[in-house]
Amino acid sequence: CKVSPTLRLAGMLLLASHLLATGAPATGPSMAGPPATGAPATGTPATGTPATGSQLPNPSRPESMLQGRTPAPTNLCSADSPQTAPSIPLPRWVRNLSGSNLLPSPAFGRTPETGVLLGLGLFYTPSAKSLQALPRRKSQIGFIVAYTERKQWILNQSAILSGPQDRYLIQWNMSWRNYWDQYFGIGPRVDPRQSTPFRFESLHLQASLLKRLSATHHYLGPQVRFNQLYRVRWETLPPQLVSTPTPGLWGHFTLGLGGRWVHDTRNEVVNPRRGHWREVTLRYHPAFPHTVNASTLDWIRRYGSDPDSLANPAYWQYHLDLRHYTPLLQGKNHDLIWASRFLVHGATPGIAFREMPSLGGDDLLRGYFRGTYRDRCLWAVENEIRGLWGDYIGWNLYTGLGQVDAHWQGAFFSPPRFSWGAGLRLIPNPKARTLLRIDWARTGEGTGGLYFEVNESF
């Protein structure tokens, strides 16, 4: 059909105005992100005036090239055009969380140690705006309060802070618990079907201050660990505990001080995706007198417990922790890594039974009741395949091996315990790197657990 000159002129004017609009940088935030220095982008001025020689796009700055290019009409829908990125509508509460540095997290789940657990957590990540002048990895401060089916109260406050330009790493974890637990015995050959319930209250603090050595990835600094177990109540005391002195049977008080060396190349301190973490810790715990209140003394007399169970002997603890994060597949909407861990944890005679290295729980051979297998020597190997679908959903496949014994020869040459499982990850705020972890795990003995936690186990 014949096009009138008026319509042809209108079409040419419309096309010219469209080309000028796409050639000028947007007045709002660029999809390519602001320049690293915070300086304004150097593209075509907003007025549409052609760029001068000093305003030409810089090949080393992809965002400036993107903003300074005027796409041809046939390229307006190409894959590299920033204006054509798909927009996925999200609920308003998700959009609010994705822009917030404070993440409220409901705590709900069922674990072997707690039964059904209900609670609330708050996790804070410092704003990235304050870190532009002094770059560092993301930090995190968290607080959790929870109540469980077994009438347990758990209050926990923890933090991992990366100093300006990563010159310092500061970590602490402190908690109070009114807790129900089970005692299975000590050693690798206990019967997981036979246990003795008991209750207690505890105070705990572990903290370290690490300083980076020059411009390397090595960190060195002190570590302190305090733990007090008190108001211990046994439902029935096994005869072997009455006849054999067991440190910590009626509670303990320990305060240890030592040194910690770390070689850290991880890309982030919270839920890293590449790099490694190598840690060696050595800590000395001196002897302390242990005092108990009158009600606890009545319990001790009732069971005729050995007086040595009240002692807090001196002992040493040592720790080797090797973690590796290897990217396997990286794409625009998917990400796959292999996370592995090798752990050696030991202690000398005199350590209280509940301070002994132990398998189980939500972070080491998931699926076992925490403390089912405990002794002075422990090793464990864990491997995970972790994947991401987009920015908000992730998954993992998990397997772990480990064993305990009073001596290293027995620990390494006894048949290991093993567990396996899978899980989902929910990431409300990808910039803050905080995630909600849902894990299901099964053990070689047939026990299992469902865990709702915050952040990866390692």
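This is a predicted model: local features need pLDDT of at least 70, side-chain atom pairs count only at pLDDT 80 or more; totals for chains, interfaces and linings use all residues.
A residue counts as buried under 20% relative accessible area, as exposed over 50%, and as partly exposed in between (1.4 Å probe, protein chains only). Residues are numbered from 1 along each chain as its sequence is written, and side-chain values use heavy atoms, with hydrogens and water left out.

**View 1. The protein as a whole, with 6 helices and 16 strands.** Helices (H or I, at least four residues) and strands (E, at least two) are DSSP runs numbered from the N terminus. Of the 458 residues of the protein, 42% count as buried. The protein exposes about 23,900 Å², of which carbon and sulfur atoms supply 64%, as given by the Shrake-Rupley method with a 1.4 Å probe. When contacts (heavy atoms within 4.5 Å) between residues at least 6 apart in sequence are considered, 60% of them join residues at least 24 apart.

**View 2. The salt bridge between Arg354 and Asp181.** The closest N and O atoms of this pair are 3.0 Å apart, where a salt bridge is a side-chain nitrogen of Lys or Arg within 4 Å of a carboxyl oxygen of Asp or Glu. The pair links distant parts of the chain, since Arg354 lies in the loop between strand 11 (334-347) and strand 12 (377-389) and Asp181 in strand 5 (residues 168-183), 173 residues apart. Arg354 is partly exposed, because its relative accessible area is 23%, whereas Asp181, with a relative accessible area of 2%, is buried. A search of the whole structure finds 20 salt bridges.

**View 3. A network of salt bridges that includes Asp363, Arg370, Arg386 and Glu456.** The residues linked in this network are Asp362, Asp363, Arg366, Arg370, Glu384, Arg386, Arg425, Arg437, Asp439 and Glu456. Within the view, Asp363 forms a salt bridge with Arg370, their closest N and O atoms being 3.4 Å apart. Asp363 is partly exposed at a relative accessible area of 27%, and Arg370 is partly exposed as well, at 32%. The side chains of Glu456 and Arg386 also meet in a salt bridge, at 3.8 Å from N to O. This pair links distant parts of the chain, with Glu456 in the segment after strand 16 (448-454) and Arg386 in strand 12, 70 residues apart. Both Glu456 and Arg386 are buried.

**View 4. The largest cavity, with a volume of about 80 Å³.** A cavity is a set of points on a 1 Å grid over the protein atoms alone where a 1.4 Å probe fits but cannot get out, and lining residues have an atom within 4 Å of a point. The count comes to 1 cavity of 30 Å³ or more. Of the 13 residues that line the largest cavity, the closest to its centre are Phe253, Thr254, Asn312, Pro313 and Tyr315. The largest share of the lining, 3 residues, comes from strand 8 (residues 252-264). The lining residues divide into 7 nonpolar, 5 polar and 1 charged.

View 5. Leaving aside neighbours within four places in sequence, Ala207 is in contact with Gln171, Trp172, Pro222, Gln223 and Val224. The C-alpha atoms of Ala207 and Gln223 are separated by 5.7 Å, although the two residues are 16 residues apart along the chain.

How values were computed
On a 1 Å grid over the protein atoms alone, a cavity is a set of points where a 1.4 Å probe fits but cannot get out, and a pocket is an open set with protein on both sides within 12 Å along at least five of seven lines; lining residues have an atom within 4 Å of a point. Grid points are joined across faces, edges and corners, and a volume is the space filled by probe spheres set on the points. Ala, Val, Leu, Ile, Met, Phe, Trp, Tyr, Cys and Pro count as nonpolar, Asp, Glu, Lys and Arg as charged, and the others, Gly among them, as polar.
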